[in-house]
Amino acid sequence: MKTINMCSAGISGINRVYKCQGGSCITRTCRIDSKTKLYEKDCQFFPDKVQTEKASIMFTQSIDSVVEFCKEKTHNQEAPSLQNKKCNFRSTWEVISSSEDFNNTIPMVTPPPPPVFSLLKISQRIVCLVLDKSGSMASYDRLNQMNQAAKYFLLQIVENGSWVGMVHFDSTATIVNKPIQIISSDERNTLLAWLPTYAWGGTSICSGIKSAFQVIGELCPHLDGSEVVLLTDGEDHTASSCIDEVKQSGAIVHFIALGTAAEEAVIEMSKITGGRHFYASGKAQNNGLIDAFGALTSGNTELSQKSLQLESKGLTLNSNPWMNDTVIIDSTVGKDTFFLITWNSLPPSISLWDPNGTIMENFTVDATSKMAYLSIPGTAKVGTWAYSLQAKANPETLTITVTSRAANSSVPPITLNAKMNKDINSFPSPMIVYAEILQGFVPVLGANVTAVIESQSGHTEVLELLDNGAGADSFKNDGVYSRYFTAYTENGSYSLKVWAHGGANTARLSLQPPLNRAAYIPGWVVNGEIEANPPRPEIDEDTQTTLEDFSRTASGGAFVVSQVPKYFSDDLHPPSQITDLDATLQEDEIILTWTAPGDNFDVGKAQHYIIKISGSILDLRDSFDDALQVNTTDLSPKEANSKEIFAFKPGNISEENATHIFIAIKSVDKSNLTSKVSNIAQVALFTPQANPDDTYPTPTPTPTPTPTTDKSHNSGVNISTLVLSVIGSIVIVNIILSTTI
């Protein structure tokens, strides 16, 4: 009997080719491909139906004897599984038992109580704006910036059918209006008229929040799921007094901090209630406040009803008075398309042309709030829209924001979502920027994605995000674009904004279905005979289709960094861990490929590589420095994110009976800072042979058996895939890596 390289390796069974056509099936032993020296493509692993192995629930819970997680002694550390790849070769139980949740949970000593079920349904959106009009809001044009962003939210972002109320606060709070339901532009204009017109007094955040709860409570006695959008530019040392009330309320608190004095207690409120936290420096050209309000779409509304931001851009103009550019409206959007222009001093000259060259007129100019806007009736034309803004003051700051909704409710629009991996971080620990681009549930590949991170003082850092499966990016071509961020300049809040652009020759949709990682069992061995399960549905190879031009922008919210020293070295970070090391054997050479790390994680260029080999995967992982070193004299690192290729002859390794060579890499930068050990690549040095006891002398046609219908023995990835990827000859590569940060 054969065993399979999985967790646990104690699962027994046989490797066979089993094919059915017409009324008969043929069973035969697996052959070795003469070119690849691997088992042939149709070879499958059929486990014995009667097993004694108890693990692992995470792999084959369909086997009756399996009742345990793999533990340290039973875990197969050489299996090419995601468990080993992402968890540093640890067993499932080791991962569970070391988790914070597990260690902070008190074991139950009595039987668990009976479950309680609650039936929930989506209710109408209820939002209360809580707007700061304290004396500090009169400085730096903050009151006007707040009103511009709030008007944008009320005109375009909040969805029809929503209920919106408003509270102003300074030293005390004032209920401006009870919630009114937005049905048409009339209700939106009514709310616009209630925005604050002057700033005076102190800052009492809890007064504003409690008044918001009162406003919402008059419409709905239960606050569960209602939203409070709180904007303030000041600190209030009494704000912590209402944290418990906020926590118990069931309401969601979104916090928009304007300027450097963000109140930590309100950040905590947004965190514990599941709300969002935004930060805007107040520099108009960065458009931070408008982006923050634009991100506050409903979490329950259908995607086709949500406003999507296509463009958000600002410039401070001096000698050149012109701000000219284009905006792409793709076929997935175009409904309720909205152009918003803002300025600091005087209304600019505005020109906007559709893709046919027709000029758009009738902008509504709000001179008091220093903004102009235009809603395109019906569905906007697909293509490139051009705009030209001419400043009438010097200097002048102009911004443009463009939003739209799905053109067709049956065609999902392209969406962009952005976030950081942490809300709070301490220097010098790195952070990771994530941006996901989807059309429906299908990932968009090949887009140009750029992140802009703004500090409290308005300093910006620009990063190109990548979907290459290296460095900070966990999986290649999954539509999630990532990058490390380490360029901290000061303590306090930072904001994240992401642009995504796709051209007809670059961006594409991946039409391959999401990978099902559950184990598919093709059949069972019962008394030496194969009892087949229903065949697994055929899955086409990865297919892609080219996308049209599109553009999106998104706010990723705010995060807070502490312990940044006033002066520090420019080189505090090592190269990032190599996570995509791959190895193949050609003739007598091993060919390695990987993505180059940088000098500081994934930025810059490393100084040199250290490549080690061993006959033991654990020795290489735990005693990398003691392993046999490969001569890399002629290997000079390339710029970060370049593809590296290196060939070497393995020679003799110390382990006499080694059947595999394991390879790993460390990168070293110019300051002699060293990366973590890379994922471990594996090359097999033997040819698998069929077990004589399993040989069928002649393929025997048999009547087609009735597939077993026991659903407990039928689930996801073909086990033979794992067999072939591990037991094959000449070249087998196991990608086994530990997660990055």
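Contact here means heavy atoms within 4.5 Å. One of those partners, Gln309, also makes a polar contact with Thr553, side chain to side chain, at 2.7 Å. For a polar contact we want a pair of N or O atoms within 3.5 Å; within protein, one has to be able to donate a hydrogen and the other to accept it, and residues adjacent in sequence count only if both atoms are side-chain atoms.

Before I go on, a quick word on the model: it is predicted, so local features need pLDDT of at least 70 and side-chain atom pairs pLDDT 80 or more, while totals for chains, interfaces and linings use all residues. Numbering runs from 1 along each chain as its sequence is written, and side-chain values use heavy atoms, with hydrogens and water left out.

Back to Thr553. You'll find it in strand β33, residues 550-562. Is Thr553 buried or exposed? Buried, because its relative accessible area is 5%, and buried means under 20%, exposed over 50%, and partly exposed in between, with a 1.4 Å probe and protein chains only.

Now zoom out. The chain has 12 helices and 42 strands; these are DSSP runs, H or I of at least four residues for helices and E of at least two for strands, numbered from the N terminus. Of its 741 residues, 51% count as buried. If you take the contacts with a separation of 6 or more, 74% of them join residues 24 or more positions apart.

On to the cores. A nonpolar core is a set of buried Ala, Val, Leu, Ile, Met, Phe, Trp, Tyr and Cys residues joined through side-chain atoms within 4.5 Å. The largest one has 37 residues, and those with the most contacts inside it include Leu129, Phe153, Leu231 and Phe293. Helix α5, residues 142-157, gives the most to this core: nine residues. Apart from that core lies another, of 31 residues, with Ile414, Leu496, Ala500 and Leu547 among them.

Next, the rings. How many aromatic pairs does a search of the whole structure find? It finds 17. Rings of Phe, Tyr and Trp (its six-membered ring) pair if their centres lie within 6.5 Å; planes under 30 degrees apart are stacked, over 60 edge-to-face, and the rest tilted. Phe153 and Phe293 are a tilted pair, because their planes are at 55°, with the centres 5.8 Å apart. That pair links distant parts of the chain, Phe153 in helix α5 and Phe293 in helix α10 (residues 288-294), 140 residues apart. Phe153 is buried, at 0% relative accessibility, and Phe293 is buried at 0% too.

Another tilted pair is Phe427 with Phe568, 4.8 Å centre to centre and 55° between the planes. Phe427 sits in the loop between β21 and β22, and Phe568 in the loop between β33 and β34, so the pair ties together parts 141 residues apart in sequence. Phe427 is buried at 12%, whereas Phe568 is partly exposed at 33%. Ring pairs also link these two with Phe485, Tyr488, Tyr494 and Phe559 into a cluster.

Last stop, charges over rings: NZ of Lys or CZ of Arg within 6 Å of the ring centre and within 35 degrees of the ring normal. The charged end of Lys86 sits over Phe475, 4.4 Å from the ring centre, and Lys612 lies over the face of Phe624 at 5.2 Å.
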